[in-house]
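Keep the 3D view open as you read.

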Amino acid sequence: MAKQLQATVKFHATGGKATAAPPVGTALGKYGLNLGQFVKDFNDRTKASMGMRIPVVVKVYNDRSYDLETKSPHSVDLIKQAVGIEKGSHTVPKEKVGTITVAQLQEIAKAKQKDLNARDVEHAVRILAGTARSMGVDVVD
């Protein structure tokens, strides 16, 4: 008997620090998966992105097995790390919280290329520049 797909579950978890508590437990607990094994697999896979929010897609099968797909960290988290800030501005036009260079945005765009809806790196940089500006981060050349 072949495995049948029971559900596709999408959620965000903290890279390298996931536990069986929410959001992992609430998203996957009802499918009867071994949460301890899932958390171990996820944390091993995301050690490089420690502390960043990682989008996760889990395909759950009827025999309680799963396929784990992790995406690249959120653009906001990568920009905050590059600029060295804790959070964005609350009053964006008035208060600026930092600056980022186009070269830094190009590095982030190359890392996120497969997860962005952009045809090339130049357009990905433009998407990320908009995200940075909406956070209160100035983009400089």
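H3 and H5 are roughly perpendicular to each other, a label for angles of 65 to 115 degrees, with under 35 counted as roughly parallel, over 145 as roughly antiparallel and the rest as oblique. The axes of helix H3 (residues 75–83) and helix H5 (residues 121–135) cross at roughly 70° and come within 10 Å. Axes here are lines fitted to C-alpha atoms, for helices over the stretch in contact, and angles run from 0 to 180 degrees between N-to-C directions. On the H3 side, Ser75, Val76, Ile79 and Lys80 make the contact (heavy atoms within 4.5 Å), while H5 brings Leu128, Thr131, Ala132 and Met135. By class, this contact has five nonpolar, two polar and one charged residues; Ala, Val, Leu, Ile, Met, Phe, Trp, Tyr, Cys and Pro count as nonpolar, Asp, Glu, Lys and Arg as charged, and the others, Gly among them, as polar.

A word on the source: this is a predicted model, in which local features need pLDDT of at least 70 and side-chain atom pairs count only at pLDDT 80 or more, while totals for chains, interfaces and linings use all residues. Residues are numbered from 1 along each chain as its sequence is written, and side-chain values use heavy atoms, with hydrogens and water left out.

Stepping back, the chain holds five helices and five strands, arranged from the N terminus on as β-α-α-β-β-α-β-α-α-β. These are DSSP runs numbered from the N terminus: helices are H or I with at least four residues, strands E with at least two.

Now find the open sheet of three strands, ordered E1-E2-E3 with antiparallel pairing (two strands pair if DSSP finds at least two bridges between them). Strand E1 (5–14) and strand E3 (66–70) stand at the edges with a single partner strand each, so one side of each has no neighbour in the sheet. Direction ignored, neighbouring strands of this sheet are turned by 20° against each other on average. Strand E2 (residues 53–61) pairs with E3 over five bridges, and Val60 stands opposite Tyr66 in E3. Helix H2 (residues 35–45) lies across E1, E2 and E3, at about 30° to E3.

Most residues other than glycine have a negative phi, and most peptide bonds are trans. The peptide bond from Pro22 to Pro23 is cis, with omega near 5°, and Pro23 lies in the loop between E1 and helix H1 (24–28).
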